Structure formats: structure tokens, C-alpha cells
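Here are my notes on the ligand site, as promised. Have the structure open while you go through them.

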Amino acid sequence: MSTTVNNCHILLFPYPAQGHMLPLLHLAHRLSLHGLTITIVITHKNLPYLSSLLSSHPSSITPLILPFPSHPSIPPGVENVKDLGHSGNLPMLTSLSKLHDPLLHWFNSHPDPPVAIISDFFLGWTLHLAHQLNIPRLVFFPSGAFLAAIDDYVWNNVEQLKTLDQVELSALPGSHVFKSHHLPSLFRLYKKSDPDWEFVKDLKLANTKSWGCVFNSFEAFEGEYMDYLKKKLSHDRIFGVGPLNLPGPGNLGSGSDLNEGLLTWLDGCPKASVVYVCFGSQKLLKREQMEALALGLEKSGTRFVWVVKTGSTQEREDGFGNVPDGFEERVAGRGLVIREWAPQVSILSHEAAGVFLSHCGWNSVLEGIVGGVVILAWPMEADQFVNARLLVEDMGVGVRVCEGAGSVPEAGELSRVIGESMSEAGGLKDKAKELKEKALEAVSKEGSSVQDMGRLVGELRKLKPFKSRIQHTSVS
Ligand SMILES: O=c1ccn([C@@H]2O[C@H](COP(=O)(O)OP(=O)(O)O[C@H]3O[C@H](CO)[C@@H](O)[C@H](O)[C@H]3O)[C@@H](O)[C@H]2O)c(=O)[nH]1
């Protein structure tokens with residue numbers, strides 16, 4: 001092992017879903033640039049996601065490869081939520097908790113084990129592991145501080161809130177009111193006394209009880225929610241270090257750059273003239289949604305890039321992810337359909353991108369902000385209604401065009417909103433540009449996220465080595 005007692009050695013534990021894993025790997029990149037030594041917990045099938053990180057930091061980042069714990073609802077060979085869909089989160093969460101004992105064993109047999117654990121907010125059980133090891137756990141939120149504040153409130157008051165049709169968040173900044181079906185999905189699905197759901201409740205409550213909270217967010221976007229958490233949790237180990245996934249040199253990259261054809265096409269489009277359409281790493285649209293979207297894009301007459309998840313053969317036979325017949329021919333020249341995966345960060349940061357039709361997954365939100373584009377929000381599930389509220393109501397850089405995973409937008413209305421958002425009407429474009437500047441300021445010299453990253457590294461460096469902690473504990 002390459003670690004020495006002088007190094008600050010940290011264990012990072014990502015949750016195996018693209019929207020969760022990618023930002024935590026970007027955090028690993030940044031911590032490594034600050035000279036920290038990092039071990040990343042990973043299972044075999046997810047190891048390829050680490051390849052560019054490991055080749056960028058061969059001496060300071062090491063994978064800890066553990067066998068994936070089996071689960072009756074997870075088919076053999078599946079180790080990532082992308083192969084299970086959102087309903088796969090519950091079995092994935094419970095399955096991964098079986099890594100507790102192998103991790104305890106690894107720590108106890110390591111000559112120079114980590115001084116802290118930073119783990120995804122779906123891995124709250126690692127707080128108990130950290131307590132057993134007498135080291136701190138920091139929670140990494142792949143979503144925002146607004147969501148963290150809401151999660152903290154609703155899970156601490158689950159009995160009173162579960163039966164309400166709408167929840168008033170009067171204790172939180174902005175005093176927002178949410179319909180119950182717009183609250184985070186895990187809260188909505190929670191079933192009292194069911195052991196799996198009680199486990200979820202415990203891991204959610206463990207997040208804000210952790211020693212520190214790290215957000216892929218920034219002061220000018222979510223400062224009031226981070227301040228709220230500092231006050232509520234009575235400590236200031238709340239760190240807004242984002243946006244983490246940035247285009248350009250010195251960054252880890254998203255592993256997928258613009259190919260020549262796409263780059264040439266975007267280069268040939270006027271500035272801010274392209275609508276980019278993508279609903280994250282896992283959302284498949286049903287036939288009616290595909291048809292409405294295709295018609296809306298066609299009627300709008302604008303240039304667009306549409307990323308379509310096509311799903312399995314069975315899902316396509318069931319009508320999911322099929323682009324309507326003849327559509328691509330009719331829009332040829334002004335519209336591109338890309339199947340499965342597109343280099344989103346590169347597309348959004350191209351000057352031709354002007355509008356982003358998004359499900360408002362947190363990574364997409366930040367990537368859209370950094371791209372300086374107007375966001376057309378179609379929140380569907382999870383944290384997306386909360387994220388859309390921030391974009392549309394709090395920041396004024398977005399317009400809501402549809403709501404719900406099963407909803408079908410009205411094609412005429414969609415084409416009208418697309419057309420309007422491409423124009424200067426409403427000052428949305430100016431606000432989007434302003435927010436982009438603030439995001440870039442946060443991650444440049446002396447910016448709030450650079451300072452918080454420095455504060456985070458400073459706090460981690462102060463932690464005692466694991467062995468001396470054990471000696472200290474046994475003596476006292
Ligand atoms: O064709 C694609 C599709 C996605 N991405 C990237 O994949 C990530 C997708 O993340 P996100 O926008 O957050 O969406 P989901 O994949 O849906 O993420 C899940 O996890 C997020 C973090 O917790 C939540 O905010 C979302 O609601 C939840 O659905 C982003 O970095 C995208 O750039 C691509 O590069 N190309």
C-alpha cells in the first residue's frame with residue numbers, strides 16, 4: 001500500500017448510479033489535486049467508471065474492489081442502478097449495506113487506514129460503521145442543499161407529514177409549500193414498520209447527523225439553504241464545493257467528448273440557437289410522451305439535439321423509447337436524435353446551446369447553469385420537483401413545461417414555450433447568463449466553492465490517524 005502516516009487518507013464510497021457516482025468521482029479528483037490519498041469502494045462491474053480517474057491519479061487514488069453482495073431482487077451480474085431503474089434503489093440500498101463487515105475487516109487489517117469516510121447520501125449506514133471505527137463520516141449529497149434541508153425536515157417529522165396532501169416548509173428559507181406527491185420519492189414511498197423502509201428512514205436521518213455535509217452546489221445558488229443547515233445542525237462543516245463537473249482543461253472530463261460530426265454540426269449553428277433535450281441517465285419515455293415531444297420539437301421549427309434512451313428489446317416492444325416513424329427524416333438538417341448517451345457537458349457548454357429541456361436531475365441542473373442556458377423543466381420524480389422549484393421560482397432561470405413521470409405534454413404548448421424561450425422574452429436568458437457567471441466565479445480563485453474546498457481539506461487534514469485514535473480510545 002502506498003499510503004504513509006503523513007498522508008491524509010480518506011475512504012470514498014460512491015453509490016452505483018450514474019447521477020450519484022460521477023460527481024463523487026469529480027470530488028475525488030479535486031481532493032487528490034489537494035494532495036489527499038484516496039481509496040474508493042467499488043464492486044467489480046463498476047470498476048470501468050473509475051478508469052479515467054485512476055489513470056489521472058495513479059499514485060494517490062486506489063480502488064478497494066469488493067464483491068457485490070447478492071440480493072433476491074437484483075439479477076446476477078447487475079451492480080448498477082442504471083440496469084434496474086429507479087425501483088432498483090431499494091434493493092440496491094439494502095444490498096450494499098452488507099459491505100459493512102468486509103469494510104470493518106479491511107479497516108482493521110490496513111496498515112494506514114483512512115481517517116474519515118465520505119459516502120453518498122444513500123449510504124447513511126456508513127455513519128454507524130464510522131462510529132464503530134471512531135472516525136468521522138461526511139455525507140456527499142449528489143443533490144442540493146435545499147433537498148437536504150427538506151429531507152432533514154420530512155424524515156424527522158415523518159409521522160405527522162406522511163398523511164398530508166401538502167407540506168408547508170415554514171421553518172425553511174422561502175417557506176415553500178409542496179404537494180405531497182412532489183416531495184422526494186423515498187419519503188413518499190416510505191412504509192412504516194416495513195424493515196426495508198425503516199432502514200431507509202435510518203439512513204436518511206443519519207445524513208444530517210454526520211460529522212460534515214459536502215454539496216455539489218455553490219453559495220450564490222444555495223447559500224441560504226447551506227446557512228440554514230449550519231444553524232440547524234449547530235456546526236459549520238457544511239461545504240458547497242460545486243459545480244464539480246466542469247468542461248475544459250484541469251477537470252476530470254465527463255469521459256465523452258464531442259465527436260467530430262456533432263462538433264461540426266454545432267459549430268455550424270448560430271449562437272444559442274439549439275434546444276438540447278435529455279432526461280438524465282435512466283429515464284425511458286413511453287410512446288405518448290415520445291410522440292408529443294417529437295411533435296412539439298417539429299412544430300417549434302428550432303434546431304435541436306434530442307438524446308433518446310431506447311431501453312431493452314422488451315421495453316421497446318412495450319412502446320418505450322421509440323422515435324416516431326419518419327420524424328428524423330422530416331427534421332433532417334435541423335434536428336439530431338442521439339440514441340442512449342450523448343456528451344452532455346460538452347453540448348451544453350457549446351455556444352450553440354441555448355435551451356435545455358430537462359428532467360431537472362441535479363447534475364443536469366448544474367451542467368445547464370454552467371452552460372448558461374435557459375432550462376425548460378419537466379420534473380418527473382426523486383428530487384426533481386424540488387430542483388425545478390429552485391430553478392423556476394427561486395432563480396428565475398427556468399420555465400416549467402410539464403410535471404410527472406407519466407405525464408404527456410401538450411405538443412402545441414410545448415412548441416410555443418420552446419419558441420418563446422429561444423427569444424429574449426422574460427429576461428430568462430440574461431438571468432441564465434448571470435447565474436453562469438456566478439457559478440464560474442464560485443470555482444475560480446477565491447471563489448466560495450474554492451474556499452469551501454480549502455476548508456474541507458483543512459478539516460480533513462486535522463483528523464488524527466486511525467491507529468492513534470484506537471490507542472487514544474483504549475487509553476481513555
Ligand atoms: O446522454 C447522457 C445522459 C446523461 N449524461 C450525464 O449523466 C448525468 C445525469 O445525472 P442527472 O442529471 O442528475 O440525472 P439522473 O441520472 O436521472 O440522476 C439521478 O440522481 C441525481 C443525483 O442524486 C438526481 O438529482 C436525479 O433526480 C436522479 O434521477 C449528468 O452528469 C449528465 O451529464 C450524459 O453525459 N449523457
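1. Start with where the ligand sits. Domain 1 (7-244 + 445-461) and domain 2 (255-436) both give residues to the shell around the ligand, so the ligand lies between them. Keep in mind that this is a predicted model.

2. Next, the shell itself. The ligand is surrounded by 23 residues, and the closest are Ser 281, Ala 342, Ser 364, Glu 367 and Asp 383. Sorted by class, the shell has 12 polar, seven nonpolar and four charged residues.

3. The side chain of Ser 281 has an N or O atom 2.4 Å from an oxygen atom of the ligand. For Gln 384, a side-chain N or O atom is 2.8 Å from a ligand oxygen, and for the side chain of Asn 363 the distance from an N or O atom to a ligand oxygen is also 2.8 Å.

4. How much of the ligand does the protein bury? Taken alone, the ligand exposes 690 Å², and 97% of that is buried by the protein. Two elements give two or more residues to the shell: helix H1 (18-33) and helix H16 (362-371). H16 supplies the largest share, four residues.

5. Finally, a closer look at Asn 363, which has its place in helix H16. Its relative accessibility is 16%, so Asn 363 counts as buried, the cut-off being under 20%. Setting aside neighbours within four places in sequence, Asn 363 is in contact with Gly 19, Pro 23 and Asn 216. The side chain of Asn 363 is also one of those with an N or O atom 2.8 Å from a ligand oxygen.

Note on methods
Residues are numbered from 1 along each chain as its sequence is written. This is a predicted model: local features need pLDDT of at least 70, side-chain atom pairs count only at pLDDT 80 or more; totals for chains, interfaces and linings use all residues. Side-chain values use heavy atoms; hydrogens and water are left out. A residue is near a molecule or strand if one of its heavy atoms lies within 4 Å of it. A polar contact is a pair of N or O atoms within 3.5 Å; within protein, one must be able to donate a hydrogen and the other to accept it, and residues adjacent in sequence count only if both atoms are side-chain atoms. Accessible areas come from the Shrake-Rupley method with a 1.4 Å probe; for residues, only the protein chains shown count as cover. Ala, Val, Leu, Ile, Met, Phe, Trp, Tyr, Cys and Pro count as nonpolar, Asp, Glu, Lys and Arg as charged, and the others, Gly among them, as polar. Domain bounds come from an automatic or database domain assignment. Buried means under 20% relative accessible area, exposed over 50%, partly exposed in between (1.4 Å probe, protein chains only). Contact means heavy atoms within 4.5 Å.
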